[in-house]
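User: I'd like to learn how to read the sheets, helices and ligand shell of a protein model. Please take me through them one feature at a time.

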Amino acid sequence: MALDSNIPSGPVEKKWETHKFESKLINPANKRKYDIIIVGSGLAGGAAAASLGELGYKVKCFCYQDSPRRAHSIAAQGGINAAKNYQNDGDSVFRLFYDTVKGGDFRAREANVYRLAEVSANIIDQCVAQGVPLAREYGGLLANRSFGGAQVSRTFYARGQTGQQLLLGAYSALNRQIAAGTVEMFPRTEMLDLIIVDGHAKGIVVRDMITGKISTHIADCVVLGTGGYGNVFYLSTNAKGCNVTATWRAHKKGAFFANPCYTQIHPTCIPVAGDYQSKLTLMSESLRNDGRVWVPKRKEDCGKVPKEIPEDARDYYLERKYPSYGNLAPRDISSRSAKEVCDDGRGVGPGGLGVYLDFADAIKRLGKHVIEERYGNLFEMYHNITGEDAYERPMRIYPAVHYTMGGLWVDYNLMSNVPGLHVLGEANFSDHGANRLGASALMQGLADGYFVLPNTLGTYMASQFGKKVDANAPAFKEAVDSVKARVQKLISIKGTRSVDSFHRELGKLLWDKCGMARDKKGLEEALRKIPKLREEFWSNLKILGTADGINMELERAGRVADFLEFGELMCLDALNRNESCGGHFRTEYQTPEGEALRDDEHYDYVAAWKYEGDSVPPTLVKEPLVYEEVKLATRSYK
Ligand SMILES: Cc1cc2nc3c(=O)[nH]c(=O)nc-3n(C[C@H](O)[C@H](O)[C@H](O)COP(=O)(O)OP(=O)(O)OC[C@H]3O[C@@H](n4cnc5c(N)ncnc54)[C@H](O)[C@@H]3O)c2cc1C
């Protein structure tokens, strides 16, 4: 089976312009005849709902939070990239494109990444027009800072709350459409299945999380902007609600899941503090602009107060190993280096699982007030969680699960292999290859929602003109019956173990065997253990209460049931990829210096998995990656 990525022909810098011109348009008077379902109201889904509503389509937008403005996107801290070159430091669309392809370890689709870099500048204009308070220089120009994997300053930010401010912008645009009647919003409503009619995505099954009522919604197409699956690991920096259900349900209805093993471990998170912790907290990558990462050179010094360790007894290992990029080496590389020094017994803090992020030099150079102005809210958050004052002693940080590069496979139009099913933002696999550079997730989500989908959707919609589906089609009843049966099955197990205990066990297994480092033996072990855990889940789960109203245990159980299936696909994908690339580090494949060793000859492809049935192994479908603009090279940040 071949996958058609629908990449337009012609030179990379002309592809998007040509494609937009060649895409079908829908006459304004006809747009209101089309219904669109958008699941997700984060930056990707929210931006898409606002833009498609503004265009005149009839949009229904769903989210499980009580308000669109509580989507996980609100947590984003450090910034959003754009090739504006305000700093006159040599940035360009091509450089952002190149940095992103290289940052992703040459496992992303060139044409998509180029388009992303191209529209990045429009995003900033759009957000400023909405009134998003991005940081400014003294003279009024928008300010920039640097993020990992780049030697230019192209990251726009609003203190350490960039996601919140961008989401408020998208939320305002969305509310304008809600008031205008083009968007109908369904908060506290969880999508539990996708409905396919004659091979096309035409509706969803949802559960009202307040009343427990299960119902269907019909549309001409379905858009998923449902975020990433990092919470499969239980402990992550993601909001507690983030889950894989929407994309996994779509996968089981035919959508291919691409590169599920590509997860990002972020180097600067507050270390785990205890066995019963349920959430991890990120300390933004932006801190690495001014903070210096180090550990003691000698194991004996690890227990000392950091101030008492003299300069020459400190190992600033990122600056030592990667002199050009220093503390701004990309995330995968920085995380692995932190693990390496901790494995070497030189980690600091409880259990030796921590490294220092030190602001003493920056405070001396710039003054405390500047650091406070740039990162004040992050220092406050750190203080609230650890009780330590990071102005006085270095922060302790350690890598943690943060983002997922894998997701549903989409073509250049952001449409999955299921006609009509479009996927945006972190939920798709599209632009980041095997490692995402900092500040590029917000860029991708907003590019997809504000600029890409509104242009590419027309072609599919035009093909559906006058083809409304019948609400009495058997697919609708079948989907509702099967969702009801599943909910009932979960609630009637009446075993002895809580949902969280299963989730925690799965997460620990995945972190140990399919986390920052993986190998064949460990992955095989995880593949043996996950089905057993799943079996126990379905026979020994305990959920209190009923399905007829608010029941958070039931909601979580449905999501963990999906994680228990998805986790297996992750391990299978990691086992199949006999190479190391970006965030996928197979210990068997590394250079003598411990860097990721790719195998371009055999693995330069997108691994898209086709669901074949509950007890049948999935089929691997490959989309070969073709590089015309950049030369495949071993990544170097030295
Ligand atoms: C702590 C933290 C800091 C970050 N900082 C940055 C940063 O500085 N810069 C950057 O570029 N990136 C950052 N990221 C990554 C970035 O925030 C996310 O990748 C991005 O916000 C994802 O946006 P999204 O719209 O795709 O999904 P989300 O914001 O996760 O939105 C998902 C939406 O889907 C809905 N949904 C999901 N499933 C269902 C369902 N079954 N039924 C109904 N609704 C559903 C949810 O309700 C929600 O509305 C950060 C991530 C974290 C965790």
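Analyst: Happy to! Let's begin with strands: two of them pair if DSSP finds at least two bridges between them. Strands (E, at least two residues) and helices (H or I, at least four residues) are DSSP runs, numbered from the N terminus. The model is predicted, so local features need pLDDT of at least 70 and side-chain atom pairs count only at pLDDT 80 or more, while totals for chains, interfaces and linings use all residues. Residue numbers start from 1 along each chain as its sequence is written.

User: Which residue is the bridge partner of Phe 62 in β5?

Analyst: Phe 186 of β5 is the bridge partner of Phe 62. Strand β2 (residues 58-62) pairs with β5 in the parallel sense, over 4 bridges. Both belong to an open sheet of 5 strands, ordered β5-β2-β1-β9-β17, where the pairing is parallel. At the edges sit β5 (183-186) and β17 (421-423), each pairing on one side only. From one strand to the next the twist averages 20°.

User: What is the strand order of the sheet with antiparallel pairing?

Analyst: In general, strands of a sheet pair through backbone hydrogen bonds, either parallel or antiparallel. Here, an open antiparallel sheet of 5 strands runs in the order β11-β15-β14-β12-β13. Its edge strands are β11 (263-269) and β13 (314-315), and each pairs on one side only. Inside that order, β12 (residues 292-296) and β14 (residues 355-358) pair in the antiparallel sense over 3 bridges. Val 293 stands opposite Leu 357 of β14. Helix α9 (residues 331-343) lies across β11, β12, β14 and β15, and runs at about 65° to β11.

User: Now helices. At what angle do α14 and α16 cross?

Analyst: Two packed helices are described by the angle between their axes and the distance between the axes. For α14 (residues 499-514) and α16 (residues 552-576), the axes come within 10 Å and cross at roughly 20°. Axes are lines fitted to C-alpha atoms (for helices, over the stretch in contact), with angles from 0 to 180 degrees between N-to-C directions. The two helices are therefore roughly parallel to each other (under 35 degrees counts as roughly parallel, over 145 as roughly antiparallel, 65 to 115 as roughly perpendicular, the rest as oblique). Residues making the contact include Phe 502, Leu 506 and Leu 510 of α14 and Val 560, Phe 563 and Leu 564 of α16; contact requires C-beta atoms, placed from the backbone, within 7 Å. By class, the contact has 12 nonpolar, 2 polar and 3 charged residues.

User: How do α13 and α16 pack?

Analyst: Helix α13 (residues 474-491) meets α16 at about 110°, with axes 10 Å apart, which makes α13 roughly perpendicular to α16. Val 487, Leu 490 and Ile 491 of α13 touch Leu 554, Ala 557 and Gly 558 of α16. That contact has 5 nonpolar, 1 polar and no charged residues.

User: And which residues come nearest the ligand?

Analyst: Of the 44 residues around the ligand, Gly 40, Gly 42, Ser 73, Gly 227 and Gly 425 come nearest (a residue is near if its C-beta atom, placed from the backbone, lies within 6 Å). Elements giving two or more residues to the shell include α3 (43-55), α6 (162-180) and β6 (189-197). By class, the shell has 19 nonpolar, 23 polar and 2 charged residues; Ala, Val, Leu, Ile, Met, Phe, Trp, Tyr, Cys and Pro count as nonpolar, Asp, Glu, Lys and Arg as charged, and the others, Gly among them, as polar.

Technical notes:
Two residues are in contact if their C-beta atoms, placed from the backbone, lie within 7 Å.
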